[in-house]
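Hi! Have the structure open while you read and find each residue as it comes up.

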Amino acid sequence: MTENARRGFLAAGATFAGAIAVAPGLHLIAPALARGAGEPASNANRWGLLIDTNKCSASCDACVKACATENGITEQVADPRQRSQWIRKIDIKEKNGRQHSLPMMCQHCSDPPCVDVCPTGASMKRADGIVLVDRHVCIGCRYCMMACPYKARSFVHEPLTEQNPQVPRGIGCVEACTLCVHRVDKGQLPACVEACTEGAMLFGNLADPNSEISRRIAHEATTQVRADLKLNTGVRYQGI
Amino acid sequence: MLRILSTLATIALALPLLQAAHAGEVPKPSAAIESPGTQCVAPPAEIRRNHMEMLKHQRDLTLREGIRGTKVSLNGCIACHASKKTGSVIGNNDNFCQGCHAYAAVKLDCWDCHQPKAGYQATGATP
Amino acid sequence: MNTATVLSARAATSKFWLIAAVGALISAIGFGSALYMEHHGHAVTGMTNQIVWGLPHVFAIFLIVAASGVLNVASIGSVFGKTAYKKRAPLSGLLTLAMLSGGLFVLMLDLGRADRVMIAATKYNFTSVFAWNVFLYSGMFGIVAVYLWVLMEKRLYPFAKPVGVAAFVWRLVLTTGTGSIFGFLISRNAYQSALLAPMFIIMSFAWGLAVFLITQAVMFRWNGKTLDPAILKRMKNLFGTFIAAVLYFLIVYHLTNLYFAKQVAFEKFILIDSGFAAIFWIGQVLIGALLPMAILYHPRLGQRMCAVTAAAVLVIVGAFCELYVFIIGGEAFPLDIFPGAEITSSFFDGQVATYSPSLPEFLLGLGGLGVAFMITLIGVRLISKFLPEDDAVQPDAATD
C-alpha cells in the first residue's frame with residue numbers, strides 16, 4: 001500500500017469512526033477528532049476555515065468576543081493601538097458602493113511570510129497547517145509583523161497575568177490566532193466558529209477531499225484574500 | 001595602647017556584622033505541598049535535577065509537533081504544587097516554584113506567558 | 001617642555017575625561033531606557049501594532065549602514081591603492097567597529113525579549129534575512145578586527161590588500177543584507193523592491209564618509225593639525241559624488257513607483273499628502289542632499305574644512321530624515337488587504353497609522369550613538385595610530 005493510499009484509508013477510517021461516534025444532529029464535524037495521547041499533528045490534515053460573508057452582519061462581533069474569552073485576551077492597554085487583536089471585524093466598502101463585513105484573522109498560509117522572515121524559527125507551521133508562534137524562542141523583533149500582508153499579528157506591549165492556562169501568551173512576544181489549536185487537538189471547534197450563530201464560519205480539513213469544507217470549495221466560488229501573493233491561505237472567503 | 005583599643009573596637013564592630021552575615025544566609029526553601037497527588041511523574045531526586053529538561057523537551061513536542069496528553073505537563077505540575085493559600089506556584093517564596101528558584105537564584109521565565117494559578121478560569125472580558 | 005605646553009596637555013586631559021564622561025552618561029541613559037522598556041513592556045514606547053518598528057530602528061539602521069559605509073575609506077586605500085586613504089584606513093576600521101556596536105546595542109535592546117539575545121545568536125532560520133544578518137554582523141566584527149591588526153602591524157602589512165578586499169566584499173554583502181530586510185517584504189508598498197539593496201549600499205557610502213569627515217575634522221582640530229587642502233579637495237569631491245548618487249537612486253525608486261499604478265497612492269502619500277512629505281522634501285532632499293552639494297561644489301566654501309564638515313552634518317541630518325520617512329512612513333501607509341476597497345476596523349485597517357515617539361525609545365537610540373562615540377573616543381585615545389599622518393607631499397595626488 002503506498003503512503004498516500006494508506007493515509008487515505010486512515011482518513012476514511014477516521015471519518016467513519018467519527019460518523020458513528022457523534023450522535024446525529026450534533027454540530028460536530030468528523031475530521032475534528034481528538035488525537036490520542038502522544039500522537040503528533042499529522043499532515044493528513046490541513047485545518048482551514050470557510051467564511052461566508054453573505055451571512056456575516058456588520059453589527060455582529062460574536063466571533064471576536066468568543067475569541068477574547070477563549071484565549072484570555074482581556075488586558076486593557078491604555079493605548080488602543082497597542083492592544084492585541086487575534087480576530088477583528090473588517091467593514092468593506094467597495095468602489096461600486098457594495099458594503100459587507102467579515103472577520104479577519106491569521107490566514108494560516110501554506111507559504112507563510114511570517115515563517116520565512118522569523119530569525120529564530122519561532123514563527124512556525126505545524127504539520128496540520130496551523131501557523132503558530134513558539135514564544136519560547138520568540139525574541140520580539142516584530143519582523144513577522146512587518147511581513148504579514150493581513151496585519152494578523154499583535155505584539156504584547158504589557159505584562160499579562162490573566163492568561164487562560166491552555167493559552168499561554170505574554171509580554172514581549174508576538175502572537176496571533178492559533179485556530180484554537182488547544183481545542184482542535186481535543187476535537188472541538190475553534191471558539192469563533194462555535195460562537196457564530198449565523199453559521200457563517202465552517203471549520204474543516206482542506207486535505208480531505210470529502211470534508212464539507214473541501215466539497216464546498218470544490219463546487220462554490222471562494223476567494224483567498226490577497227490571492228495575488230500566492231500564499232495558499234487556509235482561511236477562505238465567500239461573497240467578497 | 002591606642003592601637004590595641006582601636007583593634008578591639010574593630011573586632012567589637014565586626015562581630016555583629018559577622019553574625020548578621022551568618023543569619024542572613026538564605027534558609028532552605030520550605031514550600032509545603034498542600035494538595036499532593038499520589039505520585040509525581042518521576043522520583044523527587046530526578047525531578048529536582050532534570051525538571052527543566054523534562055519541561056523543555058515536552059514544550060517543544062507539544063507546541064511544535066502537537067503531542068499532547070503525555071506524562072510531563074506544566075499544567076500538571078501546577079495542579080499538584082500550587083499553594084492552597086494563594087492558589088499559585090509563584091508570588092512569594094513560600095510557593096513551590098518561586099521558593100526554590102529564589103533559593104537557587106535561577107530566573108523563572110515560564111510565568112511571563114504561562115498561568116501560574118491552578119484551575120484558573122480566564123475572566124473573558126472583551127478588550 | 002615649557003609650562004604652557006604642560007598646562008595645555010593637562011587641560012586637554014581633563015577635557016578628554018569630561019567628554020568621555022558625557023559619552024558614558026549618554027550610553028548609560030540609553031541602557032537605562034532599555035531596562036525601563038523591558039520592565040514595563042513596549043507600552044511605554046510610541047510603537048504600536050501598526051508602527052511596529054520606530055525610532056530605535058531609525059537610529060540602529062543609520063548606525064549599521066554608516067558603519068559599513070565608513071569602511072569605504074579603508075577600502076579605497078587597501079583595495080584601490082590610494083595612499084591618502086591608506087593613512088586613514090585604521091580610523092575607518094575603528095569607526096566601523098564602533099558604529100556597528102552602537103547599532104546592534106540599539107537593535108538588541110529594543111527586542112521584546114532582549115533577555116533572549118542568546119537565542120538570536122544560537123537558533124537560526126536560514127530563510128530569514130535577519131538570521132543572515134546576524135552572521136554578517138558578527139563576521140564583520142571579526143574581519144574588521146583582523147584588518148585593523150594587519151594595518152597596524154608592520155610585518156603583516158603585505159596582507160593588507162587581501163584582507164582589505166575580503167572586508168570590502170563582506171561590507172557590500174552586509175549592506176545588501178540590511179537593504180534586503182526591507183526588500184524582501186512583500187506586504188508593504190514602501191518596500192518589496194530589489195532596488196533597496198544597491199540603494200542602501202550607496203547610502204552607506206555617503207553616510208559613512210560623512211561620519212568619517214566629521215571625526216577627522218574633530219581629531220585634526222583637537223591635535224592642532226591642518227588637513228592638506230589637496231586631500232580635503234579629493235575627499236569632498238568623492239563625498240559630493242556619493243550624495244549625488246544617493247539622490248539618483250532616490251529619484252529612480254520613486255519614479256518606478258510612480259509608474260506602477262498600484263503604487264501611486266503610496267507615492268502620493270509620501271511625496272504630497274502626509275506629514276512625511278515635508279520631512280522628505282525639506283529634510284531628506286533639501287537638507288540631506290541639495291544644500292550639502294551646493295556647499296561642496298561652491299568654489300570658495302568647498303575649500304574650507306569647516307564648510308565641508310557642515311555639509312557632512314547636513315548629510316547625517318538628512319539620513320535620519322530619510323530613514324524616518326522610509327521606516328515610519330512606510331509602515332504608516334495602510335496595508336492593502338482588499339485592493340480597491342475602502343476598509344475600516346477596530347484594528348485601524350485602512351487608516352494612516354500615527355506615531356509619536358516616547359522619550360525612552362529616543363534615549364535608547366541616542367544611547368547607541370553614545371556607545372559608538374565612546375568606542376571611538378577610547379580607541380583614538382589609547383592607540384595613536386588612528387590619527388591620519390599625511391606625508392608632506394602626496395605621491396599619487398598628481399595622478400588622480
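1. Let's begin with R142(A), which you'll find in the loop between β5 (131-133) and α4 (143-147) of chain A. Helices and strands here are DSSP runs, numbered from the N terminus: helices are H or I with at least four residues, strands are E with at least two. R142(A) has a phi near 70 degrees, a positive value in a residue other than glycine. At 2% relative accessibility, R142(A) counts as buried. The word "buried" means under 20% relative accessible area, "exposed" means over 50%, and "partly exposed" is in between, with a 1.4 Å probe and protein chains only.

2. A word on what you're looking at. This is a predicted model, where local features need pLDDT of at least 70 and side-chain atom pairs count only at pLDDT 80 or more, while totals for chains, interfaces and linings use all residues. Residues are numbered from 1 along each chain as its sequence is written, chains are lettered from A and ligands numbered from 1 in the order in which they are written, and side-chain values use heavy atoms, with hydrogens and water left out.

3. Now hop over to chain B. Chain B has four helices and zero strands, and from the N terminus its elements run α-α-α-α. Of its 127 residues, 22% count as buried. Look for A105(B) in the segment after α4 (96-104) of chain B. A105(B) is not a glycine, yet its phi is positive, about 55 degrees. Is A105(B) buried or exposed? It is exposed, with a relative accessible area of 68%. As background, most residues other than glycine have a negative phi.

4. Seven bridges join β2(A) to strand β3 (residues 99-105) of chain A, and the two run antiparallel. For strands to count as paired, DSSP must find at least two bridges between them. D91(A), for instance, stands opposite S101(A) in β3(A). The two strands form a hairpin with five residues between them, and G97(A) in the turn has a positive phi of about 95 degrees.

5. Next, the rings. A search of the whole structure finds 28 aromatic pairs over all chains. W53(C) and F182(C) are edge-to-face, because their ring centres are 5.9 Å apart and their planes are at 90 degrees. (Rings of Phe, Tyr and Trp, its six-membered ring, pair if their centres lie within 6.5 Å; planes under 30 degrees apart are stacked, over 60 edge-to-face and the rest tilted.) This pair links distant parts of the chain, 129 residues apart: W53(C) is in the loop between α1 (3-40) and α2 (55-70), and F182(C) is in helix α8 (residues 160-183). W53(C) is buried at 2% relative accessibility, and F182(C) is buried at 0%.

6. Compare that with F269(C) and F276(C). Their ring centres are 5.9 Å apart and their planes are at 50 degrees, so this pair is tilted. Both residues are buried. W53(C) and F182(C) also belong to one aromatic cluster with Y143(A), F130(C), Y191(C), F200(C) and F326(C).

7. The charged end of K151(A) sits over the ring of F347(C), 4.8 Å from its centre. R381(C) does likewise with F16(C), at 4.2 Å from the ring centre. (The rule: NZ of Lys or CZ of Arg within 6 Å of the ring centre and within 35 degrees of the ring normal.)

8. Last stop: two residues in helices of chain C. F249(C) lies in helix α10 (residues 229-259) and is buried, with a relative accessible area of 18%. F249(C) and M199(C) are 50 residues apart in sequence and 6.0 Å apart in space, C-alpha to C-alpha. L286(C), in helix α12 (residues 275-296), is partly exposed at 39%.
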